Amino acid sequence: MMDYDWREGAHNAGCHYFYTKENGLIVGQTYNIAHTNVWVSKIYRSHNDELYLGQYITLEFAKAAIENYFEIQSRTLLEQGL
């Protein structure tokens, strides 16, 4: 099972990246829409394939959606290599 962590974007305070600690690969992102209270969560399935998880009222809900997605994925047989 991979270990993940969050990092706030250095140049854009309204953006947070979810990445793997193993290799630093960014696998998810949450960002603020035009300095409002609306947050968008998306994950990266490959270098050219994104999946939008939804729009959320707080940063905490947006981050939780991404964390939940990868928690579910880590329990699949395919992800475990079986």
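A residue counts as buried under 20% relative accessible area, as exposed over 50%, and as partly exposed in between. The exercises below use a predicted model.

**Exercise 1.** Decide whether histidine 35 is buried or exposed, and state where histidine 35 is found.

*Solution.* Start with the location: histidine 35 is found in the loop between β3 and β4. Next take the relative accessible area, which is 78%. The cut-off for exposed is over 50%, so histidine 35 is exposed. As for the backbone, histidine 35 has a positive phi of about 55 degrees although it is not a glycine.

**Exercise 2.** Work out whether alanine 34 is buried or exposed, and describe its phi.

*Solution.* Alanine 34 lies in the loop between β3 (26-32) and β4 (39-46). Its relative accessibility is 63%, so alanine 34 counts as exposed. Alanine 34 is not a glycine, yet its phi is positive, at about 45 degrees.

**Exercise 3.** Classify histidine 16 as buried or exposed, and find which residues histidine 16 touches.

*Solution.* Histidine 16 lies in strand β2 (residues 15-20). With a relative accessible area of 8%, histidine 16 is buried. Leaving out residues up to four places away in sequence, histidine 16 touches residues including Trp6, Gly28, Trp39 and Lys63.

**Exercise 4.** Identify which residues form the largest nonpolar core, and which element gives the largest share.

*Solution.* Seven residues make up this core: Trp6, Phe18, Val27, Ile43, Ile66, Tyr69 and Phe70. Helix α1 (residues 59-73) gives the largest share, three residues. For isoleucine 66, set aside neighbours within four places in sequence; the remaining contacts include Trp6, Phe18, Ile43 and Leu53.

Conventions:
Residues are numbered from 1 along each chain as its sequence is written. This is a predicted model: local features need pLDDT of at least 70, side-chain atom pairs count only at pLDDT 80 or more; totals for chains, interfaces and linings use all residues. Side-chain values use heavy atoms; hydrogens and water are left out. A nonpolar core is a set of buried Ala, Val, Leu, Ile, Met, Phe, Trp, Tyr and Cys residues joined through side-chain atoms within 4.5 Å. Buried means under 20% relative accessible area, exposed over 50%, partly exposed in between (1.4 Å probe, protein chains only). Helices (H or I, at least four residues) and strands (E, at least two) are DSSP runs, numbered from the N terminus. Contact means heavy atoms within 4.5 Å.
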